[in-house]
Amino acid sequence: EPDRRLAYFILEEHNERSLSFLPGFDFYVLVFTYYDESKNVTRVDVQYDQMSFFLHCMGLAQGHAWLVENVITPFALRWARAYHASG
């Protein structure tokens, strides 16, 4: 976003668990880099995908993925089709 002097990157990070029975997992890291008129970096802000990280740490990620895929997404698609059909 040149007007705001901001560049951002989305990185995917893979983590292996220390306990062998727990699966490794991926989550996203957002890196925001702010710069001045001379294109010098003035600030870097790193934000983690905290919900994904939390769900994986608690062992709930698979359940969340199933809920989104089988309940929330079909409902949202039906709602969007009905909304679109209503004009």
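This is a short tour of a predicted model, stop by stop. Residues are numbered from 1 along each chain as its sequence is written, and side-chain values use heavy atoms, with hydrogens and water left out. Local features need pLDDT of at least 70 and side-chain atom pairs count only at pLDDT 80 or more, while totals for chains, interfaces and linings use all residues.

**Stop 1: the salt bridge**

Select Arg-5 and Glu-37. They form a salt bridge, and their closest N and O atoms are 3.3 Å apart. Arg-5 lies in the segment before β1 and Glu-37 in the loop between β2 and β3, so the pair ties together parts that are 32 residues apart in sequence. The structure holds 1 salt bridge, a term for a side-chain nitrogen of Lys or Arg within 4 Å of a carboxyl oxygen of Asp or Glu. Arg-5 is partly exposed at 33% relative accessible area, whereas Glu-37 is exposed at 61%. Here buried means under 20% relative accessible area, exposed over 50%, and partly exposed in between (1.4 Å probe, protein chains only).

**Stop 2: Thr-33**

Next select Thr-33, in strand β2. Strands (E, at least two residues) and helices (H or I, at least four) are DSSP runs, numbered from the N terminus. Thr-33 is buried, with 14% relative accessibility. Beyond its neighbours within four places in sequence, Thr-33 is in contact with Arg-5, Leu-6, Ala-7, Phe-9, Val-41, Arg-43 and Val-44; contact means heavy atoms within 4.5 Å.

**Stop 3**

Move to Val-41, in strand β3 (residues 41-48). Val-41 is exposed, at 55% relative accessible area.

**Stop 4: the loop at Leu-19**

Select Leu-19, in the loop between β1 (6-15) and β2 (25-35). Leu-19 is partly exposed, at 43% relative accessibility. Its C-alpha is 37 Å from that of Ala-7, 12 residues away in sequence.

**Stop 5: helix α2**

Finish with helix α2, residues 61-85. Its 25 residues reach 34 Å from first C-alpha to last, close to the expected 36 Å, which is 1.5 Å times one less than the number of residues. A kink of about 35° is centred on Val-68, the bend being the angle between axes fitted to the seven residues ending there and the seven starting there. After α2 comes Gly-87, with a positive phi near 90°.
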